[in-house]
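Please find below a colleague's note on the model under review. The sequence and coordinates are shown before the comments.

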Amino acid sequence: MSLQLSQDHSLQHLNTFGVSVKANWYAEAADEAEVREALAAASQLQLPLLVLGGGSNLLLTRDVEALVLRMTGQGRRIVSDDGVQVVVEAEAGEPWHPFVQWTLQQGLGGLENLSLIPGTVGAAPVQNVGAYGVETGDVLHSLLALHRPSGELREMTAADCQFAYRDSLFKREARSWVILRVRFALSRQPQLKLDYGPVRQQLASMGVEQPTAQDVSRAVCATRSEKLPDPALLGNAGSFFKNPLVSQQQAEALRQQYPDLVCYPAGEQVKLAAGQLIDKAGWKGHRAGDAGVHALQALVLVNYGRASGSELLALARRIQADIRERFGVELEIEPLVY
Ligand code: FAD
Ligand code: NAP
């Protein structure tokens with residue numbers, strides 16, 4: 001048995017909010033065999049098993065009554081290459097941004113808009129990680145997952161993952177899956193996506209006229225660094241709320257009242273920018289003790305030092321209630337709240 005179990009393990013440095021809580025039991029798994037050992041150990045301890053990557057999409061509001069299993073397996077490789085289309089794969093514990101940079105160094109495009117996102121490769125499919133107009137599901141080739149209820153290994157295509165906006169089968173059935181390895185379909189002649197947010201503007205200010213995938217990555221990194229807090233310096237979990245989808249009638253009514261309201265078409269519905277609503281309601285830069293709303297990006301809740309998870313959650317609940325009352329819009333929390 002190679003799995004090392006530790007009891008009452010601090011999770012403070014394992015969640016990017018930096019919230020100080022403990023796990024009943026903690027272990028790290030570098031491969032499938034260790035994941036299976038951990039599942040057996042959790043069952044013996046009569047505890048649930050909570051899978052952890054980089055801890056950048058969760059809010060821990062109390063000690064975790066579970067065996068927390070951090071995925072640490074690393075490794076990345078090219079698995080097929082026809083000269084243009086290339087499939088690469090990485091182990092679940094591979095850190096995301098260095099993996100993206102590695103694909104770009106191989107001359108492969110597809111993941112450039114997803115640069116500088118914290119976390120691990122194995123977690124990217126969980127919430128169909130997305131930014132600047134690209135989502136994981138757009139470039140996912142397939143993945144290997146352990147189906148916990150049956151103990152079977154499953155090869156899954158993008159269609160099997162049931163991807164949606166910041167959502168997937170794995171987020172909806174969180175206790176049923178451990179993602180072990182993910183493959184991406186990339187290209188040596190990528191179609192660059194430049195029309196989202198300030199990407200073109202950033203490229204222009206960098207003096208780039210004919211961008212490569214590496215240029216797009218640099219532009220995305222520059223834009224993100226300007227406005228998103230670095231979790232190493234200020235605890236946060238990125239966007240705390242999803243952008244809400246409302247009916248066209250509701251968007252029109254809100255626009256009468258707020259002519260500068262940002263609205264994007266989303267099928268039959270309209271997507272609003274949650275950050276703009278929170279900003280309009282006056283929460284940007286708000287601070288209650290050590291829990292706050294980031295001064296440059298209202299969608300990001302921050303921990304100035306010693307905020308507890310429940311203080312951060314209480315702030316989120318106050319924001320949700322205020323946005324409901326002012327705009328009649330429900331904000332859904334994006335990270336996993338434990
Ligand atoms: P964790 O937080 O450890 O886990 C998240 C969830 O996935 C948990 O439910 C966990 O149980 C599950 N999980 C993790 N690994 C596995 C696995 N191998 N198998 C099964 N389940 C697993 N997100 C975006 O979508 N777009 C962004 O642009 C973005 N920007 C961010 C910027 C900042 C500054 C921060 C702090 C966060 C940002 N995020 C963004 C959120 C977060 O980084 C991503 O969701 C990321 O994929 C989470 O990875 P993780 O390894 O930290 O997951
Ligand atoms: P932004 O560029 O200020 O844009 C605000 C919102 O408008 C974004 O949420 C984005 O929606 C939407 N948007 C912008 N251009 C759009 C277009 N052409 N079509 C449709 N929707 C458009 O956003 P930001 O906060 O700086 O973030 C930039 C990107 O990184 C966004 O894609 C955002 O989702 C992502 N991001 C995510 C997290 C996270 O934790 N989930 C954290 C930081 C950044 P979408 O969010 O739907 O893309």
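1. Basis of the note. This is a predicted model, in which local features need pLDDT of at least 70 and side-chain atom pairs count only at pLDDT 80 or more, while totals for chains, interfaces and linings use all residues. Residues are numbered from 1 along each chain as its sequence is written, chains are lettered from A and ligands numbered from 1 in the order in which they are written, and side-chain values use heavy atoms, with hydrogens and water left out.

2. Surroundings of ligand 1. The shell around ligand 1 holds 32 residues, and the closest are Val 51, Gly 54, Ser 56, Thr 120 and Arg 224; a residue is near a molecule if one of its heavy atoms lies within 4 Å of it. By class the shell divides into 18 nonpolar, 12 polar and 2 charged residues. Here Ala, Val, Leu, Ile, Met, Phe, Trp, Tyr, Cys and Pro count as nonpolar, Asp, Glu, Lys and Arg as charged, and the others, Gly among them, as polar. At least two residues of this shell come from each of strand S3 (49-52), S8, strand S12 (177-187) and S13. Helices (H or I, at least four residues) and strands (E, at least two) are DSSP runs, numbered from the N terminus.

3. Oxygen atoms of ligand 1 lie 2.6 Å from a backbone N or O atom of Val 51 and 2.7 Å from a backbone N or O atom of Gly 54. An N or O atom in the side chain of Gln 127 is 2.9 Å from an oxygen atom of ligand 1. The protein buries 93% of the 970 Å² that ligand 1 exposes when taken alone. Such areas come from the Shrake-Rupley method with a 1.4 Å probe; for residues, only the protein chains shown count as cover.

4. Ligand 2. Around ligand 2 there are 19 residues, with Arg 166, Tyr 196, Asn 243, Lys 271 and Gln 297 as the closest. This shell divides into 7 nonpolar, 6 polar and 6 charged residues. An oxygen atom of ligand 2 is 3.0 Å from a polar backbone atom of Tyr 132. For side-chain N or O atoms, the distance to an oxygen atom of ligand 2 is 2.5 Å at Tyr 196 and 2.7 Å at Lys 271. Of the 790 Å² of accessible area that ligand 2 has on its own, the protein covers 82%. Strand S8 (130-131), helix H6 (213-227) and strand S13 (235-239) are the elements that give two or more residues to its shell.

5. Helix H6. Does the span of H6 agree or disagree with its length? The 15 residues of H6 should span 21 Å at 1.5 Å a residue, and its end C-alpha atoms are 22 Å apart, which agrees; the expected span is 1.5 Å times one less than the number of residues. The buried residues of H6 include Ala 213, Asp 215, Val 216 and Arg 224, where buried means under 20% relative accessible area, exposed over 50%, and partly exposed in between (1.4 Å probe, protein chains only). Helix H2 (96-105), S8 and helix H5 (199-205) are among the elements that cover these buried residues.

6. Helix H9. The 19 residues of H9 (309-327) reach 27 Å from the first C-alpha to the last, close to the 27 Å expected. Among its buried residues are Gly 309, Leu 312, Asp 322 and Phe 327. Their cover includes strand S4 (58-59), H7 and helix H8 (274-280). Gly 328 follows H9 and has a positive phi, near 70°.

7. Most residues other than glycine have a negative phi. Gln 46 has a positive phi, near 55°, and is found in the loop between helix H1 (32-45) and S3. Gln 46 counts as exposed because its relative accessibility is 73%. Leu 116, with a positive phi of about 65°, is placed in the loop between H2 and S8. Its relative accessible area is 32%, so Leu 116 is partly exposed.

8. Ser 142, in strand S10 (residues 140-147), counts as buried because its relative accessibility is 8%. Its side chain makes a polar contact of 2.8 Å with the side chain of His 141. A polar contact is a pair of N or O atoms within 3.5 Å; within protein, one must be able to donate a hydrogen and the other to accept it, and residues adjacent in sequence count only if both atoms are side-chain atoms. Gln 257 lies in helix H7 (residues 248-257) and, at 53% relative accessibility, counts as exposed.

Technical notes
Contact means heavy atoms within 4.5 Å.
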